[in-house]
Amino acid sequence: MPEFQEKAPLLHREVIAADIFRLTLHAPEIAGAAHPGQFVMLQINDGMDPLLRRPFSIHQVSAGGNIQILFKVVGRGTAQLAGVLPGHHIDCIGPLGRGFALEKKDRLCLVGGGMGIAPLYFLARRLLQTGKMSEKDFVLLGARNREELSIFGDEFSELGYTVQTATDDGSMGHHGFVTELLDPILPVMKRVYTCGPFPMMKICADKAFTVDVACQVSLETHMACGLGACLGCAVTGAAGGYLHVCRQGPVFDANEVAWTR
Ligand SMILES: Cc1cc2nc3c(=O)[nH]c(=O)nc-3n(C[C@H](O)[C@H](O)[C@H](O)COP(=O)(O)OP(=O)(O)OC[C@H]3O[C@@H](n4cnc5c(N)ncnc54)[C@H](O)[C@@H]3O)c2cc1C
Ligand code: FES
């Protein structure tokens, strides 16, 4: 798979909610090669702090050679990234890793929790562009509250998906876990794609397994290099041994993963 390193100018910075940002970067080589579920490693500044690049899913690509990332501030690197202003350049390596498998047209359900929504938007668009979705396909979105979720429901429903939402505080959609929304629709689904917190994906994987529905999961681990060199991203595989999330993933068939953590 082709990988590129580009000094990408930041074109646009959006504040989506408290501590949640969406950046648009002009990175034509990465945009041209990207597949949903792949990620980029960003060098947040030219100095030594933070020393290591940070991984972010590709949230969207556009025909003009732009990529978007959607992120939440959780620490030093993301706080600095949130402060980068349009006009500055960010060093990006990508597209990296193995993305979602886009199979023949099936009944689909995309399940995103928190920032796990980020790669699912690129997936939803690519499924539409390649004629692999229908309006009977579902997108289930979960977050802590309405503020974190509000724009995404509209963005997915504008693509033609049937969207349902769940929030921890009940301020939008179902009051509870997004995985509870799966129960009534899962028996008619053929495939689930999910990205979000590990426990959420584990529940999706368990439920899909129970009714024999294919399930792909996008795992998040700490990544020092993102390039297969440090072996810091290993998780235990269902067949024993380790899976290296940066090269063999981040997307796996749910049955490849040992769901113990
Ligand atoms: C393949 C991949 C795709 C990702 N895509 C996105 C995305 O689209 N949007 C987004 O907001 N975030 C995404 N992340 C997570 C993002 O990389 C981390 O939030 C970021 O690296 C944190 O950097 P920091 O310097 O701000 O935090 P740090 O100061 O390094 O850490 C702050 C806190 O966050 C925890 N943390 C840091 N990195 C991770 C991680 N990878 N997994 C779990 N916990 C972590 C630390 O344990 C610590 O508690 C992705 C991670 C991976 C591996
Ligand atoms: S992050 Fe270094 S090998 Fe995966």
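1. About 350 Å³ of space lies in the second largest pocket, a pocket being, on a 1 Å grid over the protein atoms alone, an open set of points where a 1.4 Å probe fits, with protein on both sides within 12 Å along at least five of seven lines. Grid points are joined across faces, edges and corners, and the volume is the space filled by probe spheres set on the points. This pocket is lined by 18 residues, of which Gly 113, Gly 114, Asp 168, Pro 197 and Met 200 are the closest to its centre; a lining residue has an atom within 4 Å of a point.

2. The model is predicted, so that local features need pLDDT of at least 70 and side-chain atom pairs count only at pLDDT 80 or more, while totals for chains, interfaces and linings use all residues. Residues are numbered from 1 along each chain as its sequence is written, chains are lettered from A and ligands numbered from 1 in the order in which they are written, and side-chain values use heavy atoms, with hydrogens and water left out.

3. In the lining of the second largest pocket, strand S9 (138-143) and helix H6 each supply at least two residues, and H6 gives the largest share, 3 residues. Helices (H or I, at least four residues) and strands (E, at least two) are DSSP runs numbered from the N terminus. By class, this lining divides into 9 nonpolar, 5 polar and 4 charged residues, where Ala, Val, Leu, Ile, Met, Phe, Trp, Tyr, Cys and Pro count as nonpolar, Asp, Glu, Lys and Arg as charged, and the others, Gly among them, as polar.

4. The largest pocket has a volume of about 910 Å³, and among its 33 lining residues Pro 55, Phe 56, Val 74, Glu 220 and Thr 221 are the closest to the centre. Strand S4 (54-57) contributes the largest share of this lining, 4 residues, and the lining as a whole divides into 16 nonpolar, 12 polar and 5 charged residues. At least three residues come from each of domain 1 (4-96) and domain 2 (108-256), with bounds taken from an automatic or database domain assignment.

5. Around ligand 1 there are 19 residues, of which Arg 54, Pro 55, Gly 77, Thr 78 and Thr 221 come nearest, a residue being counted if one of its heavy atoms lies within 4 Å. Taken alone, ligand 1 exposes 870 Å², and the protein buries 74% of that.

6. Some backbone details deserve a look. The peptide bond from Gly 94 to Pro 95 is cis, with omega near -10°, and Pro 95 is found in strand S7 (residues 89-96). A cis peptide bond also joins Gly 249 and Pro 250, with omega about 10°, and Pro 250 is in the loop between helix H7 (245-248) and strand S16 (251-253).

Terms used: Areas by Shrake-Rupley, 256 points an atom, 1.4 Å probe, with all protein chains shown as cover.
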